[in-house]
Amino acid sequence: TALLSVGTLAKADDMPEERSLSGLEYELIGRGDIYAHGTVDSYSQAPMLDAFVESGALPPVADRLPAEPIVFKTGAMVDGVGEYGGVFRHVIGGRPEGWNWMAGQHQGWGGINMAMQECLVRQGPRWQVKAEDQTGPLPNLAQSWSFNDDNTELTINLMQGVKWSDGDAFDVEDVRFWYEDNVQNENVASRMAKDSFGGGASMEVIDDYTFKFVFAEPQSETIVENLAYIQGCPGPSHVLKDAHPEYNSDATYDSYTQALPNDVLPPVVLGAWVPVVHRPDELVIMRRNPYYFKVDESGQQLPYYNEMHFRLSTWGDRTAQAVAGTGDFSNMEDPGNYVEALKQSQDDASPVRANFGPRVLAWRLVLNMDAAGAEDEGEKALRTLFRETDFRLALSHALDRDAIGQALARGPFAYPYISGFATGSPYYDASSSDYHPFDQAKAAELLDGLDVVDTDGDGTRNMPGGGDNLTINVDVSQAGNASIKQLEAVASQLAEVGIAVQTRAVDQTVADTNFTGGQFSAMMMRDNVILPTRETCRSWPAGANCPHFNAGGDRLPFEADLEAKLAALQSSSDAAEQAQLAREMQQLVTANAYTIGTVQVPAALLVNKRIKNAHPGTPVFMYEWAEDGVIRERLWTPAADQEQEVLPDTIAEY
Ligand code: BQZ
Ligand code: CA
């Protein structure tokens, strides 16, 4: 077709057959079977909170809960209603950047962001919902929503009477501040990019708990998915407004971003736990939020655990500690340690249970194509070359993905990844993917065609017109073991076709912010290209600053097409039409080597056996990471098996 100006490419049918490692069966349930907003006859609280109510430090539990809390259904709990108390022990490789998530700061990942943030809607538990009920995200702070007749207005009803962890009311002003003063303010690096939501919807406040988004084009339930973690999570406007330049003439956007530094605790949150202690490079301790707005069917306020620990270590150590039983949870995602971890977890005496899921972890080399945004002429010339589809295809053909997979881990784990949706995505379709087989001659031919030839005979190709040697600086996160291993293989394979790669391992937070801020030349990274409505700008074009690897809005010819198809997918209510659009998107992305994929692997979830209600089959990543999919506010441990709390009988004090 006209879209494929790149000649005949092999189809994914030529790819080796994929082997599934999962085989696990679980029952799918209705969307309202997990939880629903409603009331219970009477409410109770964790016994440790009684003293705070008696002393008057806290209002009674019924007064702290909203009019209609979220009620978790017993029928969906594999181990039933829980017992209060104890500690849930996480180990993470990240470090809290700061508490101002509205300005794009992360809290160290690995489930700590998600333990403090609550979002308008929820995606994680959707992996358990049956197909006919997959009509959109699950509710959360947004209790219900509806479109007008022509689907150009989305009216959202917020939960009424939810309170922040300091007791302040959560209402529409928090949502307005999030959207108007953060998302749509281009000076703030919020997680949802300006104009990426429905092409830049406007917002109208109706009353304290009601507002609407107004779109230029009709939309569908799919667009509501954008309002889940990590894009749709309002922050405390009563705390942050004073620090925001729009409300305080002494503030700058830099000072605003830094307004909630990681050494000032406790921050004000809506999540089930509140960070109360942060010892740098050592530990974050969170305590239960007495204002949390969720209960079980017996009326017990959630969460069940009083305390959560995040040991600040490495991602590899997360898996090691889960296997050893000193940590409770790990997304096992470095194939290098799969075999050993699996061997150990298969032992009956092992403290941990391991579950393999589909291939949802994919790695890729991302080239920055924002030529106009380059800081010097050399970088500009390089990015101009990155904009050539033949150049990206040359790189893709230069990669021997089987060898990369074996460098990562021996065994049947890795499968080639070209670009676009990972095979574990509900949107993936093999026959719509163009496959770029390992073919150094083809790579050489494409590079020659771009006049990228070795003019001085030193073995490295030169920039067009006999310029300097072509060297690509590729950043990689120090925390990403699997990325680092793959980059080594990629660098030596590219050298074989005459392209020099200079690798630079940078701090994880620096890599994160450099990527989202477009401050890089090339980057080797893991990504989960599963749903286009989640962290959209990491992979897809939507609005001028999006994707991060072509911010600035200077679209490549196929990219405009891709953007239109993504918008159409988000605004469609017809599953067949959406599947067709996804196929066309996959076609565009792979035919044009939008990013240069390497391999994709399945991941296993490790959960300690003393943790109750961890539903069998919870995927490491599907609609969201397992920390959300496993529903941590509903996990518990019987009193006899509980870990000692470090800060018993305490709550966050403001
Ligand atoms: C899971 C996840 C939960 C970010 C991060 C991190 C960042 C990315 C990504 C994963 C970690 C864990 O991933 O690796 O297993 O626990 O936290 O948020 O690697 O660098 O920017 O998107 O989520
Ligand atoms: Ca040369």
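**Helix packing and domain contact in a predicted model**

Helix 11 (residues 389-398) packs against helix 13 (residues 440-449) at an angle of about 160°, and their axes are 8 Å apart. Helix 11 is therefore roughly antiparallel to helix 13; angles over 145 degrees count as roughly antiparallel, under 35 as roughly parallel, 65 to 115 as roughly perpendicular and the rest as oblique. The axes are lines fitted to C-alpha atoms, for helices over the stretch in contact, and angles run from 0 to 180 degrees between N-to-C directions. Helices are DSSP runs of H or I with at least four residues, numbered from the N terminus.

This is a predicted model, where local features need pLDDT of at least 70 and side-chain atom pairs count only at pLDDT 80 or more, while totals for chains, interfaces and linings use all residues. Residues are numbered from 1 along each chain as its sequence is written, chains are lettered from A and ligands numbered from 1 in the order in which they are written, and side-chain values use heavy atoms, with hydrogens and water left out.

Back to the first pair. The crossing of helix 11 and helix 13 is left-handed, that is, the near helix is turned anticlockwise from the far one by less than a right angle; clockwise would be right-handed. Helix 11 contributes Asp390, Phe391, Leu393, Ala394, His397 and Ala398 to the contact, and helix 13 contributes Gln440, Lys442, Ala443, Leu446 and Leu447. Contact means heavy atoms within 4.5 Å.

Next pair. The axes of helix 12 (residues 401-408) and helix 14 (residues 481-496) cross at roughly 140° and come within 9 Å. That makes helix 12 oblique to helix 14. The crossing is right-handed. On helix 12 the contact residues are Ala403, Ile404, Ala407 and Leu408, and they meet Ala482, Lys485, Gln486, Ala489, Val490 and Gln493 of helix 14.

Third pair. Helix 16 (residues 557-571) and helix 17 (residues 575-591) have axes 9 Å apart and an angle of about 160°, and are therefore roughly antiparallel to each other. Helix 16 passes helix 17 in a left-handed crossing.

Last, the domains. The chain is divided into domain 1 (35-328 + 610-641) and domain 2 (358-602), with bounds from an automatic or database domain assignment. Their centres, taken over C-alpha atoms, are separated by 32 Å.

Definitions and conventions. Helix = DSSP H or I, 4+ residues; strand = E, 2+ residues; numbered from the N terminus.
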